[in-house]
Each structure stands twice: as C-alpha cells, then as structure tokens.
Amino acid sequence: MLKRSTDQHRAEWFYYRLISGISGHTPYEIYEIMARKFLLCIDEYGDLAYIKPSSLDTIEHNDYMEQIRAEMIKYGIYLPEPSQVDQYELAKTITKKAH
C-alpha cells in the first residue's frame with residue numbers, strides 16, 4: 001500500500017485548522033482529539049495509544065478523513081471533500097486579498 005500523499009496531508013491539516021477556528025482548540029489539539037477518537041489501539045505494552053495519521057496508507061487515510069467529516073456533520077460543521085480543499089484554500093486567499 002502507498003503511504004498517504006502530500007495532498008492528503010494538506011487536506012488533513014486543513015480540516016484541523018478549520019475545526020480549530022470553530023472550536024477554540026489549536027489545530028494540534030484537534031489532531032490529537034481526532035487521532036484518539038478514530039485511531040485508538042493497544043500498544044505492545046498493553047497501553048492505550050493511537051496510530052499516527054502519517055503512518056496510514058492512502059486507503060486508510062481516506063477512511064480516517066471520512067470519519068472526521070462524518071463526526072463534524074453531527075455538530076453542523078460541513079467539511080469539503082479532501083479533493084476540494086485546494087479550491088477552498090484558494091477562495092480564502094482571494095477573499096483575504098479583497099479585504
């Protein structure tokens with residue numbers, strides 16, 4: 001399996017930044033919250049741990065992103081498809097320049 005792509009990484013952190021702007025948590029806190037919620041596992045010592053998203057392959061990472069999107073819908077937060085993130089970032093940049 002292929003490791004997650006640069007585009008997947010960028011979309012993942014776009015989600016964390018977007019959620020942090022609404023929640024008041026930092027993007028890194030959102031990263032930890034989501035990883036603990038969706039990537040929880042038992043480590044080799046029998047302790048609870050979480051799988052780092054950077055270790056996921058492309059298919060696993062897509063599943064992880066869909067879990068985040070589904071979770072946020074419960075709170076009325078609609079995240080774009082990962083493939084649309086570039087369009088959202090571009091629109092944000094254009095909007096900032098216009099103000």
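# Questions about a predicted helical model

Me: Where does Asp63 lie, and is Asp63 buried or partly exposed?
Reply: Asp63 is a residue of helix α3, in what is a predicted model. Its relative accessible area is 47%. Buried would need a figure under 20% and exposed one over 50%, so Asp63 is partly exposed.

Me: How far apart in space are Asp63 and Phe38, C-alpha to C-alpha?
Reply: Along the sequence, 25 residues separate Asp63 and Phe38. In space, the distance from C-alpha to C-alpha is 9.8 Å.

Me: What pattern of helices and strands does the protein chain follow?
Reply: Start with the inventory: the protein chain has four helices and two strands. Read along the sequence, they come in the order α-α-β-β-α-α.

Me: What share of the contacts with a separation of 6 or more comes from residues 24 or more positions apart?
Reply: A contact here means heavy atoms within 4.5 Å. Of the contacts in the protein chain with a separation of 6 or more, residues 24 or more positions apart account for 54%.

Me: Why does the span of α1 agree with what a helix should give?
Reply: α1 has 18 residues, and at 1.5 Å a residue these should span 26 Å. The expected figure is 1.5 Å times one less than the number of residues. The end C-alpha atoms of α1 agree with that, because they are 25 Å apart.

Me: Which elements do the buried residues of α2 pack against?
Reply: α2 covers residues 27-38 and reaches 16 Å between its first and last C-alpha, close to the 16 Å expected. Its buried residues are Ile30, Tyr31, Glu32, Met34, Ala35 and Phe38. What the buried residues of α2 pack against is α1, β1, β2 and α3.

Me: Which residues have the most contacts inside the largest nonpolar core?
Reply: That core has 20 residues. The elements giving two or more residues to it are α1, α2 and α3. Inside this core, the residues with the most contacts are Met34, Tyr64 and Ile68.

Me: What does Tyr64 touch, not counting residues up to four places away in sequence?
Reply: Touching means heavy atoms within 4.5 Å. With residues up to four places away left out, Tyr64 still touches Glu12, Tyr16, Tyr31, Met34, Ala35, Phe38, Leu39, Pro53 and Leu56.

Me: Why do the rings of Trp13 and Tyr16 count as edge-to-face?
Reply: A search of the whole structure turns up five aromatic pairs. In the case of Trp13 and Tyr16, the ring centres are 4.7 Å apart. An angle over 60 degrees between planes counts as edge-to-face, and these planes meet at 90°.

Me: Which backbone nitrogen lies 2.8 Å from a polar side-chain atom of Asp57?
Reply: Asp57 is in the loop between β2 and α3. At 12% relative accessibility, Asp57 counts as buried. The backbone nitrogen lying 2.8 Å from its side chain belongs to Glu60.

How values were computed. Residues are numbered from 1 along each chain as its sequence is written. This is a predicted model: local features need pLDDT of at least 70, side-chain atom pairs count only at pLDDT 80 or more; totals for chains, interfaces and linings use all residues. Side-chain values use heavy atoms; hydrogens and water are left out. Buried means under 20% relative accessible area, exposed over 50%, partly exposed in between (1.4 Å probe, protein chains only). A nonpolar core is a set of buried Ala, Val, Leu, Ile, Met, Phe, Trp, Tyr and Cys residues joined through side-chain atoms within 4.5 Å. Rings of Phe, Tyr and Trp (its six-membered ring) pair if their centres lie within 6.5 Å; planes under 30 degrees apart count as stacked, over 60 as edge-to-face and the rest as tilted. A polar contact is a pair of N or O atoms within 3.5 Å; within protein, one must be able to donate a hydrogen and the other to accept it, and residues adjacent in sequence count only if both atoms are side-chain atoms.
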